[in-house]
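Here are a few friendly notes on the charged side-chain pairs, written to be read with the model open. Please follow along in your viewer.

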Amino acid sequence: MKIGIVTPAPPGSRHGNRITALRWAKILRRLGNRVSILQTYDGKPYDLLVALHARKSHSSIINFRQKHPVAGIIVALTGTDLYRDIPANHIAQGSLDIATRIVVLQPKAIDELRPSWRKKTCVIFQSVKNGQALTGTSAKPANARAGNQAKKRSSVSFDVSVIGHLRAVKDPFRTAMASRLLPDSSKIRILQVGGAMTDAMANRARKEMSVNKRYRWLGEQSQLRALQILKKSSLCVLSSRIEGGANVLSEAIAASVPILASRIDGNVGILGAKYRGYFEVGDTRQLARLLTRAESSSEYLAELKGWSNSLTSLADPAREEQAWFALINEFRLRK
């Protein structure tokens with residue numbers, strides 16, 4: 001089959017949607033398909049269109065449907081789709097009405113959909129190939145001095161990684177703020193990896209480094225370096241306000257790194273309702289307490305790691321490939 005994947009994220013970016021599109025393209029090519037990645041539909045006669053982001057890719061979905069009235073369209077939903085746009089935005093809703101199939105990245109996302117959308121929805125967990133790079137990084141370090149400081153993990157520090165672009169929806173400074181509340185005896189060091197999306201975010205990160213001895217903004221790191229930072233961390237924190245199913249969560253699970261996460265559906269849908277590493281969104285004091293507990297209690301840290309290890313099958317590339325094989329086979333049989 002000839003497949004077009006539409007993602008609003010530009011080529012060369014490290015946005016989660018672009019990373020997902022690249023991974024899916026590789027999977028679909030391994031399954032024998034010809035795949036093109038586009039920012040907008042280019043008018044060519046694809047057998048199937050896969051569109052990431054219901055609202056931002058709406059014009060591509062409309063244009064493709066007008067040119068190909070009976071071809072398949074898969075709409076993959078992002079966090080902003082699910083938890084911001086779909087409840088009230090008629091453009092995003094229209095994309096789901098048009099879609100032949102809908103893909104979500106974790107099962108709780110289905111709860112946000114109308115019954116007519118649910119019946120054509122499937123869950124595909126994001127996988128991590130061994131050695132795969134992390135989201136929120138690029139090839140050139142933005143903060144070389146900070147990067148050099150983190151090249152060798154200190155034998156006396158308890159490193160906590162926060163990985164992803166500095167965007168408001170990620171609540172990126174919550175862990176830094178929580179680290180200010182830790183006792184003087186704590187050895188916790190916050191290592192934040194990811195580029196600032198605005199000058200204001202960059203300025204805040206630099207200011208935080210100047211006043212918070214525990215915090216290091218490492219900026220944009222190479223793919224290999226980001227993976228090394230995660231794997232060497234004692235703990236990883238995901239503080240997002242909205243997620244559809246974060247790449248970095250799968251990456252932490254695959255790297256066997258214990259996780260503290262905001263209690264949002266995008267995280268709960270992957271980690272499970274009974275996971276004991278959640279803090280409420282924006283609750284700095286609760287996060288500080290969990291950081292202290294993770295550092296001081298080897299039993300608690302082992303519990304978090306054991307739970308994460310029990311989920312490694314979710315990040316298995318073979319599982320994601322099998323899910324895509326089944327989905328694409330549906331469209332082959334219709335032809």
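1. A word before the details: this is a predicted model. Searching the whole structure turns up 13 salt bridges, and the points below pick out some of them.

2. Have a look at R174 and D171, whose side chains form a salt bridge with an N to O distance of 2.8 Å. Are these two residues buried or exposed? R174 is buried, because its relative accessible area of 9% falls under the 20% cut-off. D171 counts as buried too, at 8% relative accessibility.

3. R276 and E303 also pair up, and here the salt bridge spans 2.7 Å from N to O. Where do the partners sit? As for accessibility, R276 is partly exposed with a relative accessible area of 44%, and E303 is partly exposed at 30%.

4. Finally, please check D111 and K108. Their closest N and O atoms are 3.8 Å apart, and the pair counts as a salt bridge because the cut-off is within 4 Å. D111 is partly exposed, having a relative accessible area of 46%, and K108 is likewise partly exposed, with 27%.

Terms used:
Residues are numbered from 1 along each chain as its sequence is written. This is a predicted model: local features need pLDDT of at least 70, side-chain atom pairs count only at pLDDT 80 or more; totals for chains, interfaces and linings use all residues. Side-chain values use heavy atoms; hydrogens and water are left out. Buried means under 20% relative accessible area, exposed over 50%, partly exposed in between (1.4 Å probe, protein chains only).
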